[in-house]
Structures are given as structure tokens and as C-alpha cells.
Amino acid sequence: KLGAGIGIAVVLIGGVIGFMQTSLQRKDLVFSTVDKGVIEVSVSASGKVVPAFEEIINSPINSRIVEIYKKGGDSVDVGTPILKLDLLSAETDYKKQLDEEQMKRLQLDQLRIQNRNKLSEMEMQLKVSRMELNRKEVELRNERYLDSLGAGTTDKVCQVELDYNVSVLKLKEDEQKYENEKSLTDADYKVKELDLNIFRKSLAETKRTLEDAQIRSPRKAILTYVNNEVGAQVSQGSRVAIVSDLSHFKIEGEIADTYGAGSKAVVKIGNDKLDGVVSDVTPLSKNGVISFTVQLEEDNHRRLRSGLKTDVYVMNAIKDDVLRISNASFYVGKGEYELFVVNGDQLIKRKVQLGDSNFEYVEVVGGLEPGDEVVVSDMTSFKEKNKLKLK
């Protein structure tokens with residue numbers, strides 16, 4: 001009787017303990033089996049989707065807004081008017097420059113005619129001097145002939161010869177003056193011509209500025225910003241509109257760790273993963289944060305929307321042939337964890353050492369073996385339990 005009573009008591013106590021032990025349904029949990037493989041170690045960062053291309057349209061002149069033709073969100077094509085600036089003063093200045101350009105052109109024509117007349121007069125004078133020199137040469141030859149016959153005098157020959165030599169020197173002087181004057185007039189004309197060309201370039205720049213002041217879209221895009229305050233004063237260089245290409249996007253991110261430009265990155269939007277490459281890393285950190293841009297391989301993905309917040313994972317190392325389990329919400333960084341491991345129909349709590357991670361896997365440093373099945377779902381409500389029943 002005593003033995004039977006003890007046996008019944010043991011059975012009852014075991015049944016009570018079994019009944020009191022917490023049990024969980026396998027279908028309610030998420031498991032990961034430990035295996036060996038590669039982990040591309042990544043650093044997580046926050047990101048925001050922005051248009052791949054944006055162009056800021058600035059006011060080329062000091063003016064004021066007169067009319068608004070488009071509003072933010074409108075589609076615009078190349079040359080579509082966006083807003084109108086007051087161009088009265090700028091157009092008046094442009095017309096004055098046109099008149100000045102015409103005046104400079106007429107002055108250049110006048111200078112060319114003056115130089116041509118002046119050189120023509122000098123050429124005519126040279127012809128006369130040459131003819132005079134030829135006459136004196138004949139006269140000198142005649143006097144020498146007469147002197148050889150005894151009909152002339154030596155003094156007469158000397159006088160004519162001296163007169164001839166003076167004329168030769170005078171002709172050489174006039175020829176040199178002509179060449180100097182020709183070079184001077186050519187140089188003067190080129191200076192005036194260069195001055196006119198410089199002014200024409202300035203005039204073309206003024207015309208381009210005036211055309212730019214008629215604010216139009218430079219390309220086919222979406223108008224994401226426009227200054228719609230009619231009558232507002234705008235200074236030269238101030239922003240009046242922004243057009244963006246909303247069919248292609250990139251990611252602007254911020255991160256606390258350092259990494260190199262050109263690193264591979266993965267952007268997660270919900271369950272979608274987009275591959276990309278890190279570019280445009282800021283050389284200096286601001287408040288311990290470094291900004292960077294991710295150029296996406298598929299920059300027109302259907303989930304991309306301007307302003308959307310995303311998770312960005314920047315790859316900075318590769319580890320081969322390491323133990324790993326699936327990454328989940330339980331993982332918050334390197335260190336020791338207490339995870340539940342499947343042991344038959346039970347879950348046994350075990351201390352596990354975890355290392356680096358990426359968005360898919362976590363490195364197992366110690367505490368687990370290949371083939372172990374680990375619970376990776378949230379088990380914080382069972383943190384006081386060391387053993388759980390698995391159904």
C-alpha cells in the first residue's frame with residue numbers, strides 16, 4: 001500500500017509539472033538551422049529616396065516675379081514656360097547695347113576708310129618721289145656726258161649729283177614712313193576690331209541672360225518646386241524653381257562608421273532588396289555622421305518614391321566558411337545571447353556568442369554547432385524560462 005501510494009504521488013507530481021510547463025506550437029515560431037557559408041559583413045544605415053537627377057533653376061538677373069504659369073507637381077517639357085520675370089529694365093539695357101554695337105561697327109568702318117585714304121595718299125606721294133628721282137637720275141647722266149665732252153662744268157655735275165643723292169635718301173625715308181604707317185594702321189584696326197568682337201561677346205552673353213530670364217524648363221521632368229509669390233523680388237542667383245526626373249532615383253544615406261566609396265550596398269524597401277554602389281562620400285563627418293549616396297542598379301524600381309525612408313546596408317568585409325544563422329529582430333550587435341535551441345520536443349536555452357552580420361545572416365562565434373535548430377523569433381516574453389515544451 002505504501003509503495004502504491006508513493007507511485008501514485010510521483011505520477012501526480014510529474015503530471016502536474018508537465019501540465020505547468022509552458023508549451024509552444026512549432027508553427028508559431030521562426031527557426032533557423034546553423035550552417036556554414038559566406039557572410040558579407042555590412043553596416044546598417046538610414047537612407048532616403050531622392051530623384052536621381054535634380055536641376056535648380058536660378059534667376060539670372062535681379063528682378064521680380066510677374067506671372068506664374070506652372071505649379072509644383074506639374075509635368076514640364078523642354079522649353080515649357082514656368083514663370084515670368086519683369087524684364088523691362090534688362091530689355092532696355094540690351095537695346096542700348098545693340099545701339100552701342102552698331103556705333104562701334106560704324107566706327108570700325110570709318111577707321112578702315114580713313115586708313116585706306118591715308119595710305120593711298122602716301123602711295124601716290126611715293127610714286128611722285130620715284131618719278132622725281134628718275135628725272136634727276138637722267139639729269140645727272142646728261143651732265144656727266146656734257147662734262148665728258150667739255151661742254152659742262154665739274155661744279156654743275158657735283159650739284160646735280162648732290163641733288164640726286166638727297167632725293168634717294170628722301171625716297172627711302174618716305175618708303176619707311178609708308179611701311180610704318182601701314183603697320184600702325186593695321187595694328188590700330190585690329191585693336192578696334194578686337195574691341196568690337198569683345199563687345200559682341202558681351203552682347204551675346206546679355207542676350208543669353210535675357211533669354212534665361214524667361215524662366216523655362218531645361219528638360220522633360222516634374223516641377224518639384226516653384227516660387228509662386230507674384231510680385232516677390234528675386235536676386236541674381238536665387239532659386240526660383242527645381243525640376244526633377246521622378247522616373248529614376250538614388251538613395252541619400254547617413255552612417256556613423258567609416259567605409260570606402262565604391263563599396264557594395266543593399267537597400268531594403270519592405271521585402272524588396274535593391275543592389276547598388278556607394279558613391280559621393282563626404283570627406284568629413286558632421287556630428288559623427290558621414291553622408292553618402294547609393295547609385296542603384298535598378299533605379300526605376302516600382303517601389304521607389306521620392307522622400308521614402310529606407311534601410312541601407314553597406315558591405316565592408318567578407319567572411320568565408322563561418323557558422324551562421326538567419327538575421328532577425330533578436331540581433332542588436334556583437335555579443336552574448338541566450339537563444340532557445342531545439343532538443344527533441346523541447347526548447348533548451350543556451351548561451352551563444354554572435355559576431356558580425358549582414359541583413360540576411362549573423363555570424364555564430366560559439367555555443368552552436370552545424371545542424372542546430374535555433375529559434376530566431378521574438379522570445380522576450382520567455383526570458384525567465386530555461387526550458388519550453390515544443391508541440
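Me: Which residues lie nearest the centre of the largest pocket?

Reply: This is a predicted model. In it, Glu338, Leu339, Met379, Thr380 and Lys383 lie nearest the centre of the largest pocket. The lining has 13 residues, and the volume is about 280 Å³.

Me: What is the make-up of the lining of the largest pocket by class? Which strand gives the largest share?

Reply: Six lining residues are nonpolar, three are polar and four are charged. Strand 14, residues 335-343, gives the largest share, with four residues.

Me: Why is Val341 called buried?

Reply: Its relative accessible area is 2%. Buried means under 20%, so Val341 is buried. Val341 sits in strand 14.

Me: What is Val341 in contact with, beyond four places in sequence?

Reply: Val341 is in contact with Gln346, Leu347, Ile348, Arg350, Leu368, Asp372, Glu373 and Val374. Take Val374: 33 residues separate it from Val341 along the chain, yet the C-alpha atoms are 4.6 Å apart.

Me: Lys349 is a lysine in strand 15. Why does Lys349 count as buried?

Reply: The value for Lys349 is 16% relative accessibility. The cut-off for buried is under 20%. Lys349 therefore counts as buried.

Me: What makes the approach of Lys349 to the backbone oxygen of Lys385 a polar contact?

Reply: The side chain of Lys349 reaches that oxygen at 2.8 Å. The limit is 3.5 Å for a pair of N or O atoms, so the pair qualifies.

Me: What does the side chain of Arg324 reach at 2.8 Å?

Reply: A polar atom of the Arg324 side chain lies 2.8 Å from the backbone oxygen of Val38. Val38 is also one of the contacts of Arg324, and others include Asp35, Lys36, Gly37, Tyr361 and Val364.

Me: Asp321 is also found in strand 13. Why is Asp321 called exposed?

Reply: Asp321 has a relative accessible area of 55%. Exposed means over 50%, so Asp321 is exposed. Its phi is near 50 degrees, a positive value in a residue other than glycine.

Me: Why is Glu54 called partly exposed?

Reply: Glu54 has 46% relative accessibility. Buried is under 20%, exposed is over 50%, and partly exposed lies in between. Glu54 therefore counts as partly exposed. Glu54 is in strand 3, residues 35-58.

Me: What makes the pair Glu54 and Ser244 a polar contact?

Reply: The two side chains make the contact at 3.3 Å. The limit is 3.5 Å, so the pair counts. Glu54 also touches Ile242 and Val243. Thr154 is another matter: 100 residues away in sequence, with 99 Å between its C-alpha atom and that of Glu54.

Me: Why is Arg105 partly exposed?

Reply: The relative accessible area of Arg105 is 31%. That value falls between 20% and 50%, so partly exposed is the label. Arg105 is in helix 2. Beyond four places in sequence, Arg105 is in contact with Leu196 and Arg200.

Me: Pro81 is in the loop between strand 5 and strand 6. What makes Pro81 partly exposed?

Reply: Its relative accessible area is 33%. The value lies between 20% and 50%, so Pro81 is partly exposed. Pro81 touches Tyr69, Lys70, Ile215 and Arg216. Pro81 and Arg216 are 135 residues apart in sequence, with 4.3 Å between C-alpha atoms.

Me: Which residues have the most contacts inside the largest nonpolar core?

Reply: Ile57, Ile82, Leu83, Leu85, Ile215, Leu223 and Val243 do, in a core of 21 residues. Among the elements that supply at least two residues each are helix 2, helix 3 and strand 9. Another core, of 18 residues, lies apart from this one and includes Val43, Ile269, Leu304 and Val312.

Technical notes:
Residues numbered from 1 in each chain as written. Predicted model: local features only at pLDDT ≥ 70, side-chain atom pairs only at ≥ 80, totals over all residues. Heavy atoms only, no water. Buried < 20%, exposed > 50% of the residue type's maximum accessible area, 1.4 Å probe, protein only. Polar contact = N/O pair within 3.5 Å; in protein donor to acceptor, adjacent residues only side chain to side chain. Core = buried A, V, L, I, M, F, W, Y, C linked by side-chain atoms within 4.5 Å. 1 Å grid on protein atoms, 1.4 Å probe; cavity = no way out; pocket = protein on both sides within 12 Å on 5 of 7 lines; lining within 4 Å. Points joined across faces, edges and corners; volume = space filled by probe spheres on them. Nonpolar A, V, L, I, M, F, W, Y, C, P; charged D, E, K, R; others polar. Contact = heavy atoms within 4.5 Å.
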